[in-house]
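Please read it beside the model.

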Amino acid sequence: MKNLIRALSAFREDLWLPYEDSLGSISVEIDGGVIDKKGLEQELQSAVRNSEFDWIKLANESALFMSLENYRNIELREHVQNLLTLYIYPELKLTDGQRKIFELALVEVLNSNKDVNEGWMTSEKLLELVNEREPFLKVQSYHLWQVYLDKILYNKLNIERKVKDEKDRFIGYLRYKENH
């Protein structure tokens, strides 16, 4: 798991690097021969397929978070996938047309649920409802992560975010802003 550990160390919480800078660090290490990209892909696949994999141990070895006491194994699995999947598998990215449909569906789902829980919805529930609405897209959490990094974080979709359980590196709750 040396390639995966090394790649995840680029996302260390204590560094607070922007996502694209972390990916740039990984690219430099791949170009320099420190990380083997094929090995990274194989290690990620192996870990994801192994239902007994210890994601907490991996996060600890890579120093991904300063404190791991609030994180569950499944949460860390999803977070690692969100960080690395579209970098390792760029072919999984949504096309521009799919991305626009996805963004519109996000806004519509959040807007249509504005009267429930003051409009706040977990990212998991939001993805579930978007996939019901637009089943052909088959969006995953890493697609929402990309839209979050590109648009939501910079207020380009009128969607606001609220941290869930003090885990600020996760998307948490989202709601449509114009409601409040």
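1. Helices (H or I, at least four residues) and strands (E, at least two) are DSSP runs, numbered from the N terminus. The model is predicted, so local features need pLDDT of at least 70 and side-chain atom pairs pLDDT 80 or more, while totals for chains, interfaces and linings use all residues. Residues are numbered from 1 along each chain as its sequence is written, and side-chain values use heavy atoms, leaving out hydrogens and water.

2. A salt bridge is a side-chain nitrogen of Lys or Arg within 4 Å of a carboxyl oxygen of Asp or Glu. The whole structure holds 10 salt bridges. In one of them, Lys125 pairs with Glu128, with the closest N and O atoms 3.2 Å apart. Lys125 and Glu128 are 3 residues apart in helix H7, about one helical turn. Salt bridges with shared partners also join Arg99, Glu103 and Asp150 into one network.

3. Arg133 and Glu108 form a salt bridge through their side chains (3.0 Å, N to O). Arg133 belongs to helix H7 and Glu108 to helix H6, so this pair ties together parts 25 residues apart in sequence.

4. His79 lies in helix H5 (residues 73-88). His79 is buried at 4% relative accessible area, where buried means under 20%, exposed over 50% and partly exposed in between (1.4 Å probe, protein chains only). Beyond its neighbours within four places in sequence, His79 is in contact with Leu64, Phe65, Trp145, Arg169 and Phe170; contact means heavy atoms within 4.5 Å.

5. In helix H8, 10 of the 12 residues are buried, including Trp145.
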